[in-house]
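Take a look at the protein below.

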Amino acid sequence: MRHKYPYIILLFIVLISVYLVLFSNKANVLQNNPPQVSPTPSNVSSYTASFLIFINGIQQPFNSPTYFSLSPDIYIEGKNPAIIHVEKGNVVWSDFFSTLPMGISETCLTLSSRTFCNEDDDLVTSTSGKLVFILNGKENPKALNTPINPGDKLLITYGNLTSQQLQSQYNLIPEMVTSESAQLELEE
């Protein structure tokens, strides 16, 4: 029994030594190479993006108070309802649209009790057309699940439109100071 105590003490000293070596080395590594933090939306306190929605070539108005400041985290205001104010990071476009009195998915858009769906969707309405998402100048059917970044521009449009009509609608989205102009790149 007496011979066990020296081994226990020795084991304890070895464990403490290993612990100190591991953690003091880690602290030195962090001091020499501090972690790089890039300015992503998760650590930016507040920023803006912009959007527009068109149905059969007609811009949809969001200038009613029923759309304003519905969430403290992401909202639009009356002076320019095309500008989205984002107050927290890691927000995707569907988070924003879920705060508004409307419905939207990758294939359907519901505004004012009218639903517009892609022709191949089960909820096809009397009008025919296609729901198109253009994010920063590029068609992106998954835009709703994409994080909103500072200066992003999103066009959501429904109808049978040519590339030139899509470009014209996209050009109407307000340009943000933090965003460079993106040219529409559509596949013909």
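Of the 188 residues of the protein, 36% count as buried. The model is predicted. Its accessible surface comes to about 11800 Å². Carbon and sulfur atoms hold 56% of that surface.

The protein has three helices and ten strands. From the N terminus on, the elements run α-β-β-β-β-α-β-β-β-β-β-β-α. Take the contacts with a separation of 6 or more: residues 24 or more positions apart account for 60% of them.

Three strands form an open sheet in the order β5-β6-β7, with antiparallel pairing. Both β5 and β7 stand at the edges with a single partner strand each, so one side of each is left without a neighbour in the sheet. β5 pairs with β6 over two bridges. There, I104 stands opposite L109 in β6.

| Strand | Residues |
|---|---|
| β5 | 103-104 |
| β6 | 108-111 |
| β7 | 114-117 |
| β10 | 153-159 |

Next, the aromatic rings. How many aromatic pairs does the structure hold? The structure holds seven. One of them joins F116 and Y158. Their ring centres lie 5.3 Å apart, with 50 degrees between the planes. This pair counts as tilted. F116 lies in strand β7 and Y158 in strand β10, so the pair ties together parts that are 42 residues apart in sequence. F116 and Y158 are both buried.

There is also an aromatic cluster. F51, F62, Y67, W93, F96 and F97 form it.

Technical notes
Residues are numbered from 1 along each chain as its sequence is written. This is a predicted model: local features need pLDDT of at least 70, side-chain atom pairs count only at pLDDT 80 or more; totals for chains, interfaces and linings use all residues. Side-chain values use heavy atoms; hydrogens and water are left out. Two strands pair if DSSP finds at least two bridges between them. Helices (H or I, at least four residues) and strands (E, at least two) are DSSP runs, numbered from the N terminus. Rings of Phe, Tyr and Trp (its six-membered ring) pair if their centres lie within 6.5 Å; planes under 30 degrees apart count as stacked, over 60 as edge-to-face and the rest as tilted. Buried means under 20% relative accessible area, exposed over 50%, partly exposed in between (1.4 Å probe, protein chains only). Contact means heavy atoms within 4.5 Å. Accessible areas come from the Shrake-Rupley method with a 1.4 Å probe; for residues, only the protein chains shown count as cover.
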